[in-house]
Amino acid sequence: MKTSEIFDSFGQMKVLVVGDVMLDVYLHGEAERISPEAPVPVVRIQGKDVRAGGAANVALNCKALGAQVAIASVTGNDGDGRALINILQDNGLDTTLIQTCGSRKTTTKTRIISRNQQMIRFDSEEDTDISLQEEHALIDAVLKYLQIQKPDVLIFEDYNKGLLKENVIRQIIRHCRVLKIPTVVDPKKKNFFAYQGVDVFKPNLKEVKEGLNITLTAIDPEQLNQVHMQLYRQLKHRVSFITLSELGVFYNDGQYAEILPSHRRNIADVSGAGDTVIAVAGMVYAQTKNAAKMASWANLAGGLVCEEAGVVPINKARLLREIEKSF
C-alpha cells in the first residue's frame with residue numbers, strides 16, 4: 001500500500017484504548033516578583049487550559065488519525081473526571097467503557113507556566129489497584145465490546161495508576177488472541193511481564209533497564225538485540241519497540257532489527273510524545289504488520305508533537321506530508 005492509502009485506511013479503523021486516563025491542567029501567568037512570605041515567585045494566573053492526558057491522549061491521537069475510538073478506564077466521581085469525559089465526548093470518542101468510582105479521585109496533573117516555562121507541577125492522583133468489583137466489571141465490559149465490535153487494534157496504556165492489574169491484562173490479551181485482534185502496549189514496571197503474548201511491546205529505555213534489572217554499557221544494535229531476546233524469553237511477543245529518547249527508537253521483529261535516529265526538531269515540550277508514538281505505532285502496525293514502517297512513522301510522529309507546547313495530539317495532514325518528504 002502507498003503511504004496515502006494507509007492514511008486513508010485509518011478512517012475505517014476501530015481502535016480500543018485500555019489504560020489510565022488523566023487530566024492535564026495548565027495555569028498560565030506572569031511571575032514578576034518574589035513572595036514576601038517565602039523565597040518563591042508569585043505567579044499571577046491569567047489563563048487556564050485543560051487537556052486529556054495519559055490513555056485519554058493516546059485515544060485522542062488515534063482519533064486525530066481518523067479512527068473510530070473507544071476508551072476503557074476508570075475516573076473518580078468528581079469535577080476533574082467529568083471535565084475529562086466531556087473533553088473526550090466533545091472530540092467524538094466513545095466513553096461508555098469508562099467507569100466512575102466514588103472512592104477514587106481522577107488523576108490530575110496541574111502545571112504552572114510562566115513565559116513558556118514550567119515552574120512547578122502538582123499531582124492529585126489515585127494509584128491503588130481498582131477493587132475486585134471494578135476489575136470484573138471492566139473485564140466483562142471490555143470482552144463484550146471486543147466480541148461485538150471486533151476493533152482493528154487494542155492499545156494498552158499503562159501509567160501504574162491501578163487500572164491494569166495482572167488479571168485484567170491477561171484476560172484481555174487472551175480474548176484478543178482468540179479474536180485475532182492485534183495488541184500493542186506501552187508498559188510500566190509494576191506489571192512489566194504480565195503482557196505475555198502481545199504483538200508490540202513498547203517500553204522506553206528506562207523501563208527496559210528497570211524491568212530487566214540490567215545496565216547497558218552502550219546503546220548499540222548488539223546490546224539492544226540482547227535486550228529483545230531477554231524480553232522475548234518472558235513475553236513471547238512479536239515485536240520489541242524501544243524508544244531511546246533523543247537517540248531515536250529501536251525495533252526487532254525477530255527477523256529484522258534497527259536503530260532509527262531521532263529527527264532533529266525544535267523541542268518545545270516532550271509531554272505526551274510517548275502517547276503519540278504508541279498511537280501511531282498501534283494503528284500503523286495493525287494496518288501493515290510492518291515493524292520497520294511502524295517504527296519509522298511513530299518515531300517521526302513523536303518528534304512532531306514535541307514541537308508543540310503541552311499535551312497535543314498529532315496533526316494527521318502534517319504527519320503525512322513529513323512522511324512523504326522523509327521516506
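Predicted model: local features only at pLDDT ≥ 70, side-chain atom pairs only at ≥ 80, totals over all residues.
Helix α4 spans residues 132-149, a run of 18 residues. From its first C-alpha to its last it reaches 25 Å, close to the 26 Å expected at 1.5 Å a residue. The buried positions of α4 are Glu134, Glu135, Leu138, Ile139, Val142, Leu143, Tyr145 and Leu146. Viewed down the helix axis, these buried residues fall within an arc of 160 degrees, so they line one face of α4. On the other side of the helix, Gln133, Asp140, Lys144 and Ile148 are exposed.

The cover over the buried residues of α4 includes the strands β1 (14-19), β4 (68-76), β5 (94-101) and β8 (153-157), together with helix α5 (166-179). Just after α4, Lys150 adopts a positive phi of about 45 degrees.

In soluble globular proteins, nonpolar side chains tend to be buried together. In this model, the largest nonpolar core comprises 60 residues. Val15, Val17, Ile71, Ile155, Phe241, Met294 and Leu319 have the most contacts inside that core. Helix α8 (residues 273-288) gives the most to this core, contributing 10 residues.

Apart from its neighbours within four places in sequence, Ile155 is in contact with Val15, Leu16, Val17 and Val18, with Val58 and Cys62, with Val184, and with Ile278, Ala279 and Gly282.

Definitions and conventions:
Residues numbered from 1 in each chain as written. Heavy atoms only, no water. Helix = DSSP H or I, 4+ residues; strand = E, 2+ residues; numbered from the N terminus. Expected span 1.5 Å × (residues − 1). Buried < 20%, exposed > 50% of the residue type's maximum accessible area, 1.4 Å probe, protein only. Arc of directions from axis to C-beta. Contact = heavy atoms within 4.5 Å. Core = buried A, V, L, I, M, F, W, Y, C linked by side-chain atoms within 4.5 Å.
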